[in-house]
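The following exercises are to be worked with the sequence and the structure at hand. Each task is followed by a solution in steps.

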Amino acid sequence: MKLKDFTIIIPCISFKDVKNCLKNIRKNYSSVKIIVSLNKNFKKNNDKNLKIIVSNHKGIGKKRNIAVDECKTKYLAFLDSDAYPAKNWLESSLKYLKKKNVGIVTGPHVDPPNQSYLQKILGIVKKSFLITMMPQFQKEAKKKPQFLSFIPSCNWILRKKVFNQLKQMDNKMLRHEDWDFVYKMRKTKYKLFYSPKTSVYHDNATVSHFIKKRFIYGVYNWPILTKINFQNFYFFLPLFFVLFLFSLPLIFFSTYYFYFFFSILFLYFFFIFLETIRLSDNFLDFFLVLIILTAGNIAPGVGIFLGFPNFLKNKI
């Protein structure tokens, strides 16, 4: 098993989105094959091991599937356009890929060096379990290697044979195609394996981009919410809280509900307050983390609520 057996696959909208990613990949992997699946045509390409595929598909899963169909290597490495690999990213996965029950090798996607102040704040917020599922695994590289239930596909390495055997990702899903893929994989002998050394750096953009992304995350959440299981409970929590907030008018009709409503609201913000204290290093960080953490926690719930009519429309 050698590096020539790998192809790095990156879905994005335009080439400018992936330009920094490619630059950083080539610092560690000068000749590894890369396939970029994007929406907008790009003519200039001087990298003989870089292939550009243009499609008009919006779904990340569909773009990955198209790239995999063009891939000639035994192994696939999925990477987001706003991420780039740490040193020995591919090499650290080799011994785990040899195990027959390992379907995916994954690892943390941590904050890159040289961030702006607000990007550092976003990185702090993402270390909260109110924002990130299992942040101790996703946003840090301190845990030992082990099997996990889920890690997003911004950092996946797997055999092409396994990907095709599971019939690739769902072409119709615009988001959460990675969760759906792991859901399918759980029904087989294959498991997702976490390797702390298989790490990538994941950029934090802007606060507005973060909130918008959280909202969109909620809008397209319904396809996985309908696949009821214990793991799904985590995704329902933002929706439950938003529905609770919408019940505010009931306080004018019931004294009991008035006290119930504001008791729950007090507990919620008290919990947010304690989580903010845990995350913050200083007084200035505290207020920014408090605001962004609250908005980031509620945004998916609003998205899930507003996305329900569109989900029903597509089902009918």
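A residue is buried if its relative accessible area is under 20%, exposed if over 50%, and partly exposed in between (1.4 Å probe, protein chains only). Strands (E, at least two residues) and helices (H or I, at least four residues) are DSSP runs, numbered from the N terminus. The model is predicted: local features need pLDDT of at least 70, side-chain atom pairs count only at pLDDT 80 or more, and totals for chains, interfaces and linings use all residues. Residues are numbered from 1 along each chain as its sequence is written, and side-chain values use heavy atoms, with hydrogens and water left out.

**Exercise 1.** Determine how many residues of strand β1 (residues 6–11) are buried, and which way they point.

Solution.
1. In β1, 6 of the 6 residues are buried, and the strand is mostly covered.
2. Phe 6, Ile 8 and Ile 10 point one way, whereas Thr 7, Ile 9 and Pro 11 point the other way.

**Exercise 2.** Identify the pairing of β1 with β4 (residues 75–79) and with β2; two strands pair if DSSP finds at least two bridges between them.

Solution.
1. β1 and β4 pair in the parallel sense over 4 bridges, and Thr 7 has Leu 76 as its bridge partner in β4.
2. β1 and β2 also pair in the parallel sense, over 5 bridges; in β2, Ser 37 is the bridge partner of Pro 11.

**Exercise 3.** Locate Asn 114 and classify its exposure.

Solution.
1. Asn 114 lies in the loop between β7 (109–110) and α4 (117–125).
2. With a relative accessible area of 79%, Asn 114 is exposed.
3. Its phi is near 60°, a positive value in a residue other than glycine.
4. Most residues other than glycine have a negative phi.

Conventions
Two strands pair if DSSP finds at least two bridges between them.
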